[in-house]
Amino acid sequence: MRVTLTVNGRRHQADDVWEGESLLYVLRERLGLPGSKNACEQGECGSCTVRLDDVPVCSCLVAAGQAQDRDVVTVEGLADPGTGLAPVQQAFLDAGAVQCGFCTPGLLVATDDLLRHCPQPTDADIREALSGNLCRCTGYEKILDAVRLAAARSGETAGER
Amino acid sequence: MDFLRPASWQEALAAKAEYPTAVPIAGGTDLMVEINFDHRRPDALLDLNRITELREWETGRQTVRLGASVPYSRIMEHLRAELPGLAQAAHTVASPQIRNRGGVGGNLGTASPAGDAHPALLASGARIEAVSVRGTRMIDVDDFYLGVKRNALAPDELIRAVHLPKATGPQAFAKVGTRNAMVIAVCAFGLALHPDRRTVRTGIGSAAPTPVRARVAEDFLTAALADGGHWDSGRPPAPSVAAEFARLVAGAANPIDDVRGTAAYRRHALGVLARRTLGWTWQAYREQDRSPACA
């Protein structure tokens, strides 16, 4: 079947999609967007997290056909091509929250969504928002630091305005 | 495999009548796992995402009609006052990503004994609105679960909504797992106080082939609360009453040994959850529903 959807603001079309295929597979293998990672394929690890119509979901659990005519934002859509890395991405680098990097795209999408809805999160807010993303390298402390750093920087920017 | 994308509820019912083996997919949080691992290869998927009314709810005077696909995250945000037990259970479902997709209709359709919504549905006395081209029938939640992953739906039926009585008293849900997020229940328990009728109802999850009520425990506690005048006095039931309630709840379970826990552990833990949820709900009853000055 053919699936037409918007990804990171661009209209995409994929042909010969198998009906049981996931949105994650379409993104990675058919649209050339390998940022969203395929790890558990059962919604446990969050590495494939994308925004579907502005709501974070595991793209491995969305059937490709369910994404027809819908709006998807992947980790590739976070950075601004003009200004470079998104503040969340820069904060992850600066805080040392990236080790092997496999979980990072999902954590970035989840963190980006958290800070959109809750610009100054408490530690409990952060833990709750990232509870669906597993990382086997960092022990999470640097990731929590990164989210706090991103929130603090956006607070400073807001204060300067 | 076919992928059916009905644009309306009527189209969905027609498609389910024409292709009774088509498997409905809404949040996909159970079904896509099975497809990804090639444990299941349905003839057809019936996508319900285009049917907007499944994601809506109506709050009536006494009942909430909850669309089958209302995501758990919306239940947590918007229905905590009306459906506190279900809202608490919703909060324990997996992770934010899963709660943004999954809903009660899927839990009922899958009918896993470990589904997090079931104890709250049993404790509140929910009814399931099952619809086909032949018409609509309301299935009492007590009659819905038939076996492990088997339910009372006919092959041509879809779940339109779940009708839940608005809470008239405190409700609680508690679940045992190896961590606080992203965990399938080792066992779970829901308790609802119904002060309007001076009864209590319960629901046990993950500790029998189906979700079940602990009816003997309910009858015991209902009688003990009446005999002791507790609904009027607000005094908490005696520790011996709570202990007997816990013992009867544990006895109502019919658990197995599996990778998540032993039968003995599940029984023990259910007793603990029963005692705790009784303590929490009774404390809330005293604080919310009674004047603090009347003692």
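The model is predicted: local features need pLDDT of at least 70, side-chain atom pairs count only at pLDDT 80 or more, and totals for chains, interfaces and linings use all residues. Residues are numbered from 1 along each chain as its sequence is written, while chains are lettered from A and ligands numbered from 1 in the order in which they are written.

**Chain B as a whole**

- Chain B has 11 helices and 13 strands; helices (H or I, at least four residues) and strands (E, at least two) are DSSP runs, numbered from the N terminus.
- The radius of gyration of chain B, 19 Å, is close to the 19 Å that the globule rule gives for 295 residues, so the chain is as compact as a globular protein of that length. The radius is taken over C-alpha atoms, and the rule is 2.2 Å times the number of residues to the power 0.38.
- The C-alpha trace of chain B spans about 65 × 45 × 30 Å along its principal axes.

**Domains of chain B**

- Chain B is divided into domain 1 (2–45 + 54–165) and domain 2 (171–294), with bounds that come from an automatic or database domain assignment.
- The centres of the two domains, taken over C-alpha atoms, are separated by 25 Å.
- In domain 1 of chain B, 23 residues are in contact with 24 residues of domain 2; two residues are in contact if their C-beta atoms, placed from the backbone, lie within 7 Å.
- On the side of domain 1 that touches domain 2, α7(B) gives the most, with 7 residues.

**A sheet in chain B**

- Three strands form an open sheet in the order β11-β12-β13 (chain B), with antiparallel pairing; two strands pair if DSSP finds at least two bridges between them.
- Strands β11 (171–176) and β13 (199–205) of chain B stand at the edges with a single partner strand each, so one side of each is left without a neighbour in the sheet.
- Strand β12 (residues 187–194) of chain B pairs with β13(B) over 7 bridges in the antiparallel sense.
- Ala192(B) stands opposite Arg201(B) of β13(B).

**Contact between chains A and B**

- Chain A gives 23 residues to the contact and chain B gives 24 residues.
- Strand β4 (residues 55–58) of chain A supplies the largest share of the side of chain A that touches chain B, 4 residues.
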